Amino acid sequence: MIYIEDIISTLNKKKINFFTGVPDSILKNLPFKLKKNHISVNNEGTAISLAAGYYLATKKIPCVYMQNSGLGNAINPLISITNKNVYSIPSILIIGWRGSPNSKDEPQHQAKGKITKDILKLLGIKHCVIQNKKYLLKF
């Protein structure tokens, strides 16, 4: 099991300490653990855009968190602003994976869960599934 504190600690060690995103059921504790440099928003596209502005202003890499169902809202700014072939703005995405393989979930989450990795691949976003602490050590 991964604990939010481990993720935050790992990111802070890498000097990533600005967070924005949309709270969800999987990452519900994340916003409460962030002490500063955190802006909770109501739309994933807004989070990506805010993170892009933060990077342009500071040249520091931001972190955006969301549920996989929010990828649809994030696609436009991911393609038209942050994409490596447009403005090449980096960020770390933490995506809660509702409907992940072999999980019991609501039908809408099962449908999105099946295609989440494909969406990330189509967007050209390098990704890994963090299953335990050893995956954090690779970051």
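# Exercises on helices, loops and contacts

Leaving aside neighbours within four places in sequence, C63 is in contact with L11, I16, F18, F19, T20, I92 and I94, where contact means heavy atoms within 4.5 Å. The structure is a predicted model, in which local features need pLDDT of at least 70, side-chain atom pairs count only at pLDDT 80 or more, and totals for chains, interfaces and linings use all residues. Residues are numbered from 1 along each chain as its sequence is written, and side-chain values use heavy atoms, with hydrogens and water left out.

## Exercise 1: C63

Task: State where C63 is placed, and whether C63 is buried or exposed.

Solution. 
- Step 1. C63 is in strand β3; helices (H or I, at least four residues) and strands (E, at least two) are DSSP runs, numbered from the N terminus.
- Step 2. The relative accessibility of C63 is 0%, so C63 counts as buried. Buried means under 20% relative accessible area, exposed over 50%, and partly exposed in between (1.4 Å probe, protein chains only).
- Step 3. C63 and A51 are twelve residues apart along the chain, and their C-alpha atoms are separated by 7.2 Å.

## Exercise 2: the buried side of α4

Task: List the buried residues of α4 and find what they pack against.

Solution. 
- Step 1. L71, A74, P77, L78 and T82 are the buried residues of α4.
- Step 2. They cover an arc of only 125 degrees around the axis, which puts them on the same side of α4. The arc is that of the directions from the helix axis to the C-beta atoms.
- Step 3. An α-helix has 3.6 residues a turn, so residues three or four places apart point the same way.
- Step 4. The partners of the buried residues of α4 are α3 (44-58), β3 (63-67), β4 (92-96) and α5 (107-122).

## Exercise 3: α4 and its neighbouring helices

Task: Describe how the axes of α4 and α3, and those of α4 and α5, are arranged.

Solution. 
- Step 1. Two packed helices are described by the angle between their axes and the distance between the axes. Axes are lines fitted to C-alpha atoms, for helices over the stretch in contact, and angles run from 0 to 180 degrees between N-to-C directions.
- Step 2. The axes of α3 and α4 come within 6 Å and cross at roughly 25 degrees. These two helices are therefore roughly parallel to each other. Angles under 35 degrees count as roughly parallel, over 145 as roughly antiparallel, 65 to 115 as roughly perpendicular and the rest as oblique.
- Step 3. This contact is made by E44, G45, I48, S49 and A52 of α3 and by N73, A74, P77, L78, I81 and T82 of α4.
- Step 4. The axes of α4 and α5 come within 12 Å, crossing at roughly 10 degrees. Helices α4 and α5 are therefore also roughly parallel to each other.
- Step 5. On the α4 side L71, G72 and I75 make the contact, and on the α5 side K112, T116, I119 and L120.

## Exercise 4: R98 and H109

Task: Show from both sides that R98 and H109 touch.

Solution. 
- Step 1. R98 is in the loop between β4 and α5, and H109 lies in helix α5.
- Step 2. R98 is buried at 17% relative accessible area, and H109 is buried at 11%.
- Step 3. Beyond four places in sequence, R98 is in contact with S25, I26, Q67, N68, D105, E106, H109 and G113.
- Step 4. With residues up to four places away not counted, H109 touches Q67, R98 and G99.
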